[in-house]
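Please walk me through how the strands in this model pair with one another.

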Amino acid sequence: MALHTGSCHCGKVAFEVETDLQQIIECNCSICRKKGYLLTFVPRDALTVRGEENLSSYTFNTHTIRHRFCATCGTATFGEGKQPTGGAMAAINVRCLDAVVLSELKPIPFNGRDKG
């Protein structure tokens, strides 16, 4: 596990997350595909957010995931929902992490388009 920093484009929302980046998901559901998300999933308490008052939320379909984004610049930083076990989780948009070389990642395709 490593501590990673990240932020939105304008910097009003910044965060730290503890994750190993071993499993990066590239989902093809409607929102992930259109926004180009690369996701890593962590327990919600592994994520610390500064500037949370600058976040807006969007939900759709089953309304079980709150897609969080900066109200100023629109950058989609992470989502919040529940793990299958019921615990709080966060889906971090890896593209928002500082110092991550995206070309070194090997995303795992996930067929979210046909899951609901």
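This is a predicted model: local features need pLDDT of at least 70, side-chain atom pairs count only at pLDDT 80 or more; totals for chains, interfaces and linings use all residues.

Residues are numbered from 1 along each chain as its sequence is written, and side-chain values use heavy atoms, with hydrogens and water left out.

Strand β1 (residues 2–7) and strand β2 (residues 14–19) run antiparallel and are joined by 6 bridges. Strands here are DSSP runs (E, at least two residues), numbered from the N terminus, and two of them pair if DSSP finds at least two bridges between them. With 6 residues between them, β1 and β2 form a hairpin; in its turn, Gly11 has a positive phi of about 90°.

β2 also pairs with strand β5 (residues 47–50), again in the antiparallel sense, over 4 bridges. In this pairing Val17 stands opposite Leu47 of β5.

Together the 3 strands form an open antiparallel sheet in the order β1-β2-β5. Its edge strands are β1 and β5, each of which pairs on one side only. Neighbouring strands of the sheet are turned by 15° against each other on average, direction ignored; the axes are lines fitted to C-alpha atoms, and angles run from 0 to 180 degrees between N-to-C directions.
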